[in-house]
Amino acid sequence: MALNLNLLFLILFSTVPSAISQTSTSADEAPAPAASACNGIFLSYQYEGGTQLKPTVPTNQPYRFESTLSIQNNGVDELKSWKVFVGFANDELLVSASNAILADGTSLPAKVGNGTVFAGYPMTDLKTPIETAGDSTQTSVQVKLLGTQFGVPLKDVPWPSNITLANDGFVCPRTTKEGSVMYLCCTKDEKFKTNITVEEEFLPRRNGDLTIMYDVIRTYSSNYWAQVTIENHNPLGRLDNWKLSWDWMKDEFIYTMKGAYPYVVDSSDCIFGPQGTYYSDLDFANVLNCERRPTIIDLPPTKFNDTSLGLKPYCCRNGTILPPWMDPSKSTSAFQMQVFKMPPDLNRSELSPPQNWKINGTLNPDYQCGPPVRVSPSQFPDTSGLPSNSTAVASWQVVCNITQPKGASPRCCVSFSAYYNDSVIPCNTCACGCPSNTARTCSRTAPAVLLPPEALLIPFDNRSAMARAWSSLKHLTVPNPMPCGDNCGVSINWHVYTDYTRGWSARITIFNWDEISFADWFAAVQLDNAAAGFEAMYSLNGSSLEGVNNTITMQGLSGLNYLVAETDAADPTKNPRVPGKQQSVISFTKKGIPAVNVAAGDGFPTKVFFNGEECSLPKIFPTSNSNRKGSATIFSVLLAAILFMLMKQ
């Protein structure tokens, strides 16, 4: 009887389906596709299973997913610094990934719902079966993925849209699906031209808006000295008060530094971590930083001659890195640091750079940095003064490019005005973001209200009465509630000053509404059709950007290149705060470009940059209607006066 009950229970239990979990089984899926037919780079993505997560959200239910991304080199050439794109398409939040990092430098967990590129770590290169006698541990890698996806029920497979090799010089077909596996074979693109030879040990240095070199210059069994060099290559890019961060992957920590300093000096993670146990005799009171993700800042100029912290070329500039055209010597920043390692990496040759690099500044463009790539060892001038170079032990290059993060707001804005219209088109509503304080009664969607020119000289919060009075005078409709301000720290007014047959002129005014002053500032305007006629800038140092025929750059005159912060008025109780300001008239010729129509839009910039940050532009131009109406009115008055005088005679 007991045996029958047990058998019945077993039968009932085995027939109850699982409501909240799903795993791949050999009965449910087709066998994994054989990679033996591929003579290139074989990629596969296998969905391992999932589980329903809390909370229960019928419209967008979260599920745990586990997958394996496999990369196998079946070709005749080594695959260096492998990168694979996975087109996640279900709002995935990636929690962990073994043997890989995100190529854009983002730390996990991270949202990857629009797809992401994986880069190999710690195994960055995949050797060939020929040179390894088919050792799969050297020719292939598996990336175990764990994360959360939304909306795809457990009975279905949450497929990515596609997978593909992201290295240059390969052709990848469409993926094939079998069971819970998708795969493809990428082969060499015979049409792709490269100057890299297969025999070269390292990849060549790459170009980018900003490059970071991580050079190991001295190495010991338990620690090494590294030099970090940041170079700006973009003529419109710069950094102010730069902050540099990365992830240590093997419990390393910073013992000392020269030329820079941690934003937070803290050794507690070492004292209470494995570092404190292993280095039991080390005085951690002298350790600078033990964070897994430290943030590094530049030193002020006063520390340049400091024997403990300074005396390093390209250091100690308050984190300012200028474009090369402004000052080549100030387009580079560098520092050195002593890094302690942990077991099992305790030998001179076991060197590994940090990953997930990120750099940003104050009112500067955003940069997206790739993974460190091993390159040929850097060479440095011999410190003894001899005509020879010393070579780094090992070198890695990080390439960063200017990017516009999704949903990010600009940090500067532009207003337009012209001599033929007495109203100013102000900066866009919420040009630099909307206020977070919902108690403020302003509209985030209403267009900005036209202003009188003098309103540009006062803060937005003091313009309301002036804007209403101007709208009443001009018989313009005023939104209710009034539009929110631009919320920008820097605003720029572009005013078309004159327009005549042989040329025209504009006046640019830069306002600093922030509490931070800008030393060595620069701005740039892009005029698609009229920049070629640039002649002179009278109160600023202006020039055409070399190699670009539609962009004009400007900075303060020598000794005057300083844009002060907003300050209190002479009588703060009666008058609003006063912005820092720089202004100049710019003259243009129409010789050789007679088709320029200033009023129709050619006289207004299509892009404006301040300290490398692209500014928000108005969506409309000033019209000349009011000018024509004014001229007609004046003409009518003069005509009536002449007729009156004639009648008197």
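**Cysteines and disulfides**

**Exercise 1.** Decide whether Cys430 in this predicted model is buried or exposed.

Solution. Step 1: the relative accessible area of Cys430 is 11%. Step 2: buried means under 20%, so Cys430 is buried. Step 3: apply the cut-offs to Cys434, which has 37% relative accessibility.

**Exercise 2.** Find the partner of Cys412 and describe the link.

Solution. Step 1: Cys412 forms a disulfide with Cys615, S to S 2.0 Å; a pair of cysteine sulfur atoms within 2.5 Å is the criterion. Step 2: the S-S bond has -95 degrees about it, a left-handed link. Step 3: Cys412 is in strand S27, while Cys615 sits in the loop between strand S39 and helix H8, so parts 203 residues apart in sequence are tied together. Step 4: both Cys412 and Cys615 are buried.

**Exercise 3.** Work out the handedness of the disulfide of Cys413 and Cys427, and place its two ends.

Solution. Step 1: the S to S distance is 2.2 Å. Step 2: the torsion is about 80 degrees, so the link is right-handed. Step 3: Cys413 belongs to strand S27 and Cys427 to the loop between strand S28 and helix H6, 14 residues apart. Step 4: Cys413, at 0% relative accessibility, counts as buried, and so does Cys427 at 8%.

**Exercise 4.** State how many disulfides the model has.

Solution. Counting pairs by the 2.5 Å cut-off gives nine disulfides. Among them is the pair Cys442 and Cys484, with sulfur atoms 2.0 Å apart.

Conventions: Residues numbered from 1 in each chain as written. Predicted model: local features only at pLDDT ≥ 70, side-chain atom pairs only at ≥ 80, totals over all residues. Heavy atoms only, no water. Helix = DSSP H or I, 4+ residues; strand = E, 2+ residues; numbered from the N terminus. Buried < 20%, exposed > 50% of the residue type's maximum accessible area, 1.4 Å probe, protein only.
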